[in-house]
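Try each task before reading its solution.

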Amino acid sequence: MPKIKKGKLLIDQHDKNGFWGGKFGGNFIPETLKKPVDDLEILFRKLRKDKNFIKERDYYFKNWVGSPTPFIKLENLSEHLGGAQIWAKVVSEANGGAHKIYNATVHCLIAKKAGKKYIVGDTGAGYAGKMLSMAAKKFGLKCKIFMGAKDIKRQKPNCDAMKKNGAQIVPVYTGSQTLVDAVSECMRYWVANCDTTHMCVGSTVGPNIFVKICGWSTSQISRELSIQIKAKFGKIPKKLKLLNCVGGGSSSFGFWNEFMHYDKKQVEFIGVEAGGPKNSKKHAAPLTYGSKIGILHGAAQYVNQSKEGQIEETESISAGLDYPGVSPLHCYLKDTKRARYTSATDEEALNAYKLVTSLESISPSLEPSHAFAEVIKIAPRLSKDTVCCVNSCGDSYKDKDIIKSRLGKYIR
Ligand SMILES: Cc1ncc(COP(=O)(O)O)c(C=O)c1O
């Protein structure tokens, strides 16, 4: 079984060809992208060691993103379920309402250093697009967002925000008209415009360098959490479980990174994918259902596919999790058994949303509601000294129409 090395960031534990565990990730890119990807790699290698760049990043994380986000105990939910203590890292309190702000901010800072005036990105739930439009506005870049036509319809509040920030939304009508098609179309656009334009991939997916930049950026979440947990408990508890939804995998990777070196018996990582509607065969859970390795968006990964190797359509109530593949980092975490992956159905996520909002003052979007569904399942069986922490990585306002149509009303 492959092993995670201690003392080296997981984002850097790939071989010289960009593969984690010798088989996940890599750079499956057209010849024309070789130079822009190499240039970006060289620039990022330099910037991440540059004290001034780190200072700038930390300045904007603190004074613009609003770090650190709260770490709170969900006392009513804990009492209601019995068993483990349930805590939440309320990342939805970050500027814009979700974790996508970290990656977007870093990409805009890099684009500025690269002398680019234009930036493009993909989005599913609309948060990656909203955050990129916010950061582009802040740093003076012209911004284009690729988004599936189905997602434009179901995530209207985030589309309104992108427009307000001056970004152009490019609707994608191909395929399932969701995130997978938006990423493909965005990459196609970048191939033709890479001389003037920087590309921000919205999750820990894509060619190796995009996985690294995104993972490096969202790791801010666990940097904060580790400090907050130590301040609250005096040390890292003996039994800590970190639960996070997994789409492309950027929030979960960022939530876990600082805890990677702990034994999994002490700090367990639980990733929750989108199981789709209860009575449907379609899902967006390649890790849970043992999908085979394939190539998607420039990287090798476990991906939902047909017998012939064609990428299969997914279905999920949550636009942000509705993606057939998953980060090579998570494929590696699965193979090394460092993380455990499971899924929640649409109905379970909705029920979790209902329970959490009825008992607590937070209002998680449908993506983190999948992680809450899992904590609701496991907490009653766990001891009182077990600390379960859920990354509440997005705010529900973007899902108000879906929630209203499914539950009769939108309750925050
Ligand atoms: C709030 C929220 N959570 C989770 C996700 C899933 O993406 P990732 O797994 O990269 O965090 C998204 C994607 O759009 C999102 O908007």
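**Exercise 1.** Which residues form one aromatic cluster?

*Solution.* This is a predicted model, in which local features need pLDDT of at least 70, side-chain atom pairs count only at pLDDT 80 or more, and totals for chains, interfaces and linings use all residues. Residues are numbered from 1 along each chain as its sequence is written, and side-chain values use heavy atoms, with hydrogens and water left out. Rings of Phe, Tyr and Trp (its six-membered ring) pair if their centres lie within 6.5 Å; planes under 30 degrees apart count as stacked, over 60 as edge-to-face and the rest as tilted. The cluster consists of Tyr59, Tyr60, Trp64 and Phe139.

**Exercise 2.** Classify the pair of phenylalanine 71 and tryptophan 87, and locate both residues.

*Solution.* Begin with the total: the rule gives 15 aromatic pairs. For phenylalanine 71 and tryptophan 87, the centres are 4.7 Å apart and the planes 20° apart, and the pair is stacked. Next, find the elements, where helices (H or I, at least four residues) and strands (E, at least two) are DSSP runs, numbered from the N terminus. Phenylalanine 71 belongs to strand S3 (residues 71-73) and tryptophan 87 to strand S4 (residues 85-89), so the pair ties together parts 16 residues apart in sequence. Finally, phenylalanine 71 and tryptophan 87 are both buried (under 20% relative accessible area, with exposed over 50% and partly exposed in between; 1.4 Å probe, protein chains only).

**Exercise 3.** Over which ring does the charged end of arginine 338 sit?

*Solution.* The test asks for NZ of Lys or CZ of Arg within 6 Å of the ring centre and within 35 degrees of the ring normal. The charged end of arginine 338 is over the ring of phenylalanine 269, 3.9 Å from its centre.

**Exercise 4.** In what order do the four strands of the open sheet stand, and why is one side of S7 and of S8 left without a neighbour?

*Solution.* Strands pair if DSSP finds at least two bridges between them. The order is S7-S6-S5-S8, with parallel pairing. Strand S7 (168-172) and strand S8 (197-200) are at the edges and each has a single partner strand, so one side of each lacks a neighbour in the sheet. S5 (residues 118-123) and S8 are joined by four bridges, and glycine 121 is opposite cysteine 200 in S8.
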